[in-house]
Amino acid sequence: MSSSQAQTQFHETTLPKQDYVARIFGYAVAALSVYTGIHYGYFPESSDSIALFALLYPHLVYFASGPFRRRKAYTTRQFLIHGDALFCGIFLGLINFPIEIVVLFIIMINTSFIVVGSITAWAFCIISLISGAGAAYLLTGYIPPAPVPYEVFVATAAGVGFHLALTAHNSYRQARDLMRLKMKFQGQVERFQALSHQVSKYVAPQIWESIFSGRRQVRLETQRKKLVVFFSDIVGFSALSEQMEAESFTDLLNTYLTDMSHIALKYGGTIDKFIGDGIMIFFGDPKTKGTKRDALACVSMAIEMRNHMEVLRQRWADQGISAPLQIRMGISTGYCTVGNFGTESRMDYTIIGKEVNLASRLETEATPGEILVSQDTYTLIRDKIDCRSRGKAIVKGFRDPIPTFEVRDYRNQENIDEQKVIQEGEGFSLRLDRDQMTDTERLRVAETLEKAARRLRISDDTDNSALTDAADGSSTLRKFPLSSGMD
């Protein structure tokens, strides 16, 4: 049972019964006061109708309000207590406001007001009390009351005292029941927190947090988002599993996945799943810092994972595992479909799309210790990360060759301009970016530039010779002027 359900049940069962009993005794006090006054001649015989109404009203209103109480228990309770205040004011007006009885009834009704609710509710109850008294005054007028007989005052005071004791007892029981509910709920909350903490280990922390905060509903729905997708695995891990005992192999794998998961969470990655020694992570959902920053975070995570393998290899070497284990990684950026897939009874929060396939293919194409990224990813990170082109790769599932880039390390801002050469002029244009070229392409471009330089030098030499010859010809003409055609 949830907290809201238990509170509803409390308002629908416990409080109405307590209010019903308290209302019976409260109106019984009024009836007792009237009958005692009639007996001792203080009230006229016709006042017995007031006493009869006081005895019947609690039962009538309890059964009449049942349907409303089941739908809106709190509102119905407030409405009835305002009715009690109104009738109390009318009763005091009908008996001409004898001060002794007025004081006793105000004490009694105020106790009920305070128990029921807040200061605001108490103030409105007082208004209802005054309204009832004013209505009675307008109907009957005001006749100064005679002194209240001692017997009537004692009977009324005894009834009020008993009602106050009953109210205090009900308040105690109510507080005790609420304390029991609180302790029960506290135990349920602690149990729920412990269970939710265990369940959180089966999903990414970001997904768990978004669900429990209410930002995400657990239903079958997806959306398109631009994500950065990461895949990695350990080269030669399958062969190593055949050489090691199951326990040692499990410890090694758990150590690796634990350390890599801490690095992924450090950079804000959403861990999608573990596939043996493989890890699938994506950036950009459920939280994103923008595609560029997501891509930089993903590549930074990959670099730290690659560097951390040095620590793990040393740790494993101390344990007698001499195999030089290395990881390979692939990263792709693009639009994917992300959300809950499966059935209403069993869902998996994951991503699908060609970018997921591309990241997996890039990871397969990578060599041990290498991080391969797609063209879109490279475009986002190239001003911060030192990369070089690995050429185009033909990968399964893609018709055209895919440009690939190898991530080296972070680059310094001072070295960014050294990787690029841009020169333009009249009849000349050169744009050179070393990061986007393979070694073969660099050699081919270098040869082309050398040929162009030689041609420029030959052209310069030819032009210089022509200028020299022209200068010599001018001298000869000056020494041997042409004949004018005249002897």
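Tutor: Residues are numbered from 1 along each chain as its sequence is written. In this predicted model, local features need pLDDT of at least 70 and side-chain atom pairs count only at pLDDT 80 or more, while totals for chains, interfaces and linings use all residues, and side-chain values use heavy atoms, with hydrogens and water left out.

Student: How many salt bridges does the structure hold?

Tutor: Side chains of opposite charge can pair when their charged atoms come close. A salt bridge is a side-chain nitrogen of Lys or Arg within 4 Å of a carboxyl oxygen of Asp or Glu, and the structure holds 16 salt bridges. One of them joins Arg328 to Asp233, with the closest N and O atoms 3.0 Å apart. Arg328 lies in strand β4 and Asp233 in strand β1, so the pair ties together parts that are 95 residues apart in sequence; strands are DSSP runs (E, at least two residues), as helices are (H or I, at least four), numbered from the N terminus.

Student: Is Asp233 buried or exposed?

Tutor: Buried means under 20% relative accessible area, exposed over 50% and partly exposed in between, with a 1.4 Å probe and protein chains only. Asp233, at 14% relative accessibility, counts as buried.

Student: Which salt bridge does Arg390 form?

Tutor: Arg390 meets Glu370 in a salt bridge at 2.8 Å, N to O. Arg390, at 27% relative accessibility, is partly exposed, whereas Glu370 is buried, with a relative accessible area of 6%.
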